2 protein chains.
Amino acid sequence: MPDGFAKTPEPPYYAVIFTSKRTEGDHGYEAMAQAMFDLALKQPGCFGAETARGDDGIGITVAYFADGESIKNWKQNAQHLVAQKLGKERWYSHYELRVAKVERDYSGPEGR
Amino acid sequence: MPDGFAKTPEPPYYAVIFTSKRTEGDHGYEAMAQAMFDLALKQPGCFGAETARGDDGIGITVAYFADGESIKNWKQNAQHLVAQKLGKERWYSHYELRVAKVERDYSGPEGR
């Protein structure tokens, strides 16, 4: 799998889709975002994650999990709880979080 | 809903998650990407979409649909078929497409 893509198993599995708009300034965000990305990948049941943020401040991170239990454990991880609190207080002007069950998936382009 | 976020109804609904890595150079990509984003939003059953691409060339677009039928219709849209073909030939070095059923969602930060 190329860099930047999550290696996920055959469906079904879960996707946690986090879309956010950043506030102005860093306020410790970049270091925490990288730490949380790395920490998520170490969680039992986490298959990987994909992330992108453009110049308009809109970012999307999708993390892939085996089941609802592993998502719940990640949500309640102590370090992640600190990051969630700072996210609400400092880093995000708005966010949407969606939990979805992946039913099918495709890769491409074929042959590359 | 702030700019850049999709206004989705109460779950369940569907998310089509498209993660891609761009090839070098534009080759008509930006104009087509914007046209396809706008066209998707006009499809019956499409609630909206969110998109981000960072400096590393990894982009994530998530489009939200009412059901499998509206996703199928969008996949087979004539203009979209042209874009899909060019995407495979020119624009993407790799992509992953996942179709997922959103079971629950949250907004934040509360009070902003």
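**A walk through a two-chain predicted model**

A:Pro12 sits in the segment before strand β1 of chain A, which spans residues 13–22. A:Pro11 and A:Pro12 are joined by a cis peptide bond, with omega at about 5°. Keep in mind that this is a predicted model.

In chain B, the peptide bond from B:Gly108 to B:Pro109 is cis, and its omega is near -15°. B:Pro109 belongs to the segment after β4, a strand that covers residues 92–108 of chain B.

In chain A, the loop between β1 and α1 (29–41) holds A:His27. The backbone stands out here. A:His27 is not a glycine, yet its phi is positive, at about 50°. A:His27 is partly exposed, because its relative accessible area of 46% falls between the 20% and 50% cut-offs.

B:His27 is found in the loop that runs between β1 (13–22) and α1 (29–41). Its phi is also positive, about 55°, although B:His27 is not a glycine. B:His27 has a relative accessible area of 46%, so it counts as partly exposed.

Another histidine lies in a helix. A:His80 is part of helix α3 of chain A, which takes in residues 78–91. Is A:His80 buried or exposed? A:His80 is buried, because its relative accessible area is 14% and the cut-off for buried is under 20%. Which residues does A:His80 touch, leaving aside neighbours within four places in sequence? A:His80 is in contact with A:Met36, A:Trp74 and A:Lys75.

Then the cysteines. How many disulfides does a search of the whole structure find? The count over all chains is 0. A disulfide is a covalent bond between the sulfur atoms of two cysteines. Scoring a pair as a disulfide takes sulfur atoms within 2.5 Å. A:Cys46 is buried, with a relative accessible area of 11%. B:Cys46 is buried too, and its relative accessible area is 11%.

Finally, step back to the two chains together. Chain A is superposed on chain B by a rotation of 180°, with 0.0 Å of shift along the axis and an RMSD of 0.0 Å. The two copies are therefore related as by a two-fold rotation axis. The interface fits that picture. Of the interface residues of chain A, 100% are also interface residues in chain B, so the copies meet through the same surface.

Methods:
Residues are numbered from 1 along each chain as its sequence is written. Chains are lettered from A and ligands numbered from 1 in the order in which they are written. This is a predicted model: local features need pLDDT of at least 70, side-chain atom pairs count only at pLDDT 80 or more; totals for chains, interfaces and linings use all residues. Side-chain values use heavy atoms; hydrogens and water are left out. Buried means under 20% relative accessible area, exposed over 50%, partly exposed in between (1.4 Å probe, protein chains only). Helices (H or I, at least four residues) and strands (E, at least two) are DSSP runs, numbered from the N terminus. Contact means heavy atoms within 4.5 Å. Copies are superposed by least squares on the C-alpha atoms of residues with pLDDT of at least 70 in both.
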